[in-house]
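Please open the model in a viewer and keep the selection panel at hand. The stops below are meant to be visited in order.

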Amino acid sequence: MNFSKILLLLTTGFSVVSFGITGCTTQQQSSEADTQKPAVTVQQTEAPATTEQPQERPGDVPYVPTPQPVVDAMLNVAKVGKNDVLYDLGSGDGRIVVTAAQKYGTQGVGIDINPERVAEANQNAQKAGVSDRVKFVQQDLFNTDLSQATVVTLYLLPDVNIKLRPKLFKELKPGTRIVSHAFDMGDWKPQQTLNVDGKTIYYWVVPEKIPANLQ
Ligand SMILES: C[S@@+](CC[C@H](N)C(=O)[O-])C[C@H]1O[C@@H](n2cnc3c(N)ncnc32)[C@H](O)[C@@H]1O
């Protein structure tokens, strides 16, 4: 599948369950020992020190940014506020985390496997004046501890969402809101579905008890 088709799929949000990205390896199931916990309290006033590492493996999803009106609608449907801790898994240039911090004072953590994206996101946070509230970590999202999140945002792919689902159920507290641009979670039906400029947004809340059919 060529790159332009991948872009088309991401931007149109078509469901492609068996989507494969050239050069991607199959992600191993994360173990407890692998799970890394990004510090949530973010207190930086200067440009963050460069902690860039070589990319550990190809990403599961190519970089395609969410259009700003869709970002705004995602934050709006999740009703993010200053007491939230938002994790964007696969954070790209950081726009979701930065917008939440700018508009709502939300603390945010962006996780991206690509060091260039992390550097770009840090620059964007700096420019927006929100570096004291946000943090970008170069890390595999499957090896990230999500337990501090109160809101999780996603723009991944259908098969990546499905693979991530057990981890979301295991680590997120009941009541945590999840918003996904373009792709759903299979048989975990969303509480709300919105359409913004032809893009679909899905919204879920982690239940107290995970239904047996989803475990
Ligand atoms: C479609 S982009 C979404 C960017 C951003 N969330 C947005 O909506 O604008 C997906 C991002 O996920 C990152 N990514 C892919 N696989 C990843 C993985 N296993 N762990 C962390 N980041 C990953 C890519 O580098 C890319 O920046």
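Predicted model: local features only at pLDDT ≥ 70, side-chain atom pairs only at ≥ 80, totals over all residues.

Residues are numbered from 1 along each chain as its sequence is written, and side-chain values use heavy atoms, with hydrogens and water left out.

**Helix 2 and helix 3**

Select residues 68-77, helix 2, together with residues 95-104, helix 3. Helices here are DSSP runs of H or I with at least four residues, strands are runs of E with at least two, and both are numbered from the N terminus. The two axes come within 10 Å and cross at roughly 60°; axes are lines fitted to C-alpha atoms, for helices over the stretch in contact, and angles run from 0 to 180 degrees between N-to-C directions. Helix 2 is therefore oblique to helix 3 (under 35 degrees is roughly parallel, over 145 roughly antiparallel, 65 to 115 roughly perpendicular, the rest oblique).

Next, show the side chains at the contact (heavy atoms within 4.5 Å). From helix 2, Q68, V71, D72, M74 and L75 meet R95, I96, T99, A100, K103 and Y104 of helix 3.

Now colour the buried residues of helix 2: V70, V71, A73, M74, L75 and V77. Buried means under 20% relative accessible area, exposed over 50%, and partly exposed in between, with a 1.4 Å probe and protein chains only. These buried residues pack against helix 3 and also against strands 1, 4, 5, 6 and 7.

Most residues other than glycine have a negative phi. K79 counts as exposed, at 66% relative accessibility.

Then select D197, between strand 6 (192-196) and strand 7 (199-205). D197 also is not a glycine, yet has a positive phi of about 50°; its relative accessible area is 62%, so it is exposed.

**Aromatic rings**

How many aromatic pairs does a search of the whole structure find? There are four. For the next one, select Y155 and F183, whose ring centres are 6.5 Å apart and whose planes lie at 25°, so the pair is stacked. Rings of Phe, Tyr and Trp (its six-membered ring) pair with centres within 6.5 Å; planes under 30 degrees apart are stacked, over 60 edge-to-face, the rest tilted. Y155 and F183 are 28 residues apart in the chain.

Finish at F169, W188, Y202 and W204, which form one aromatic cluster.
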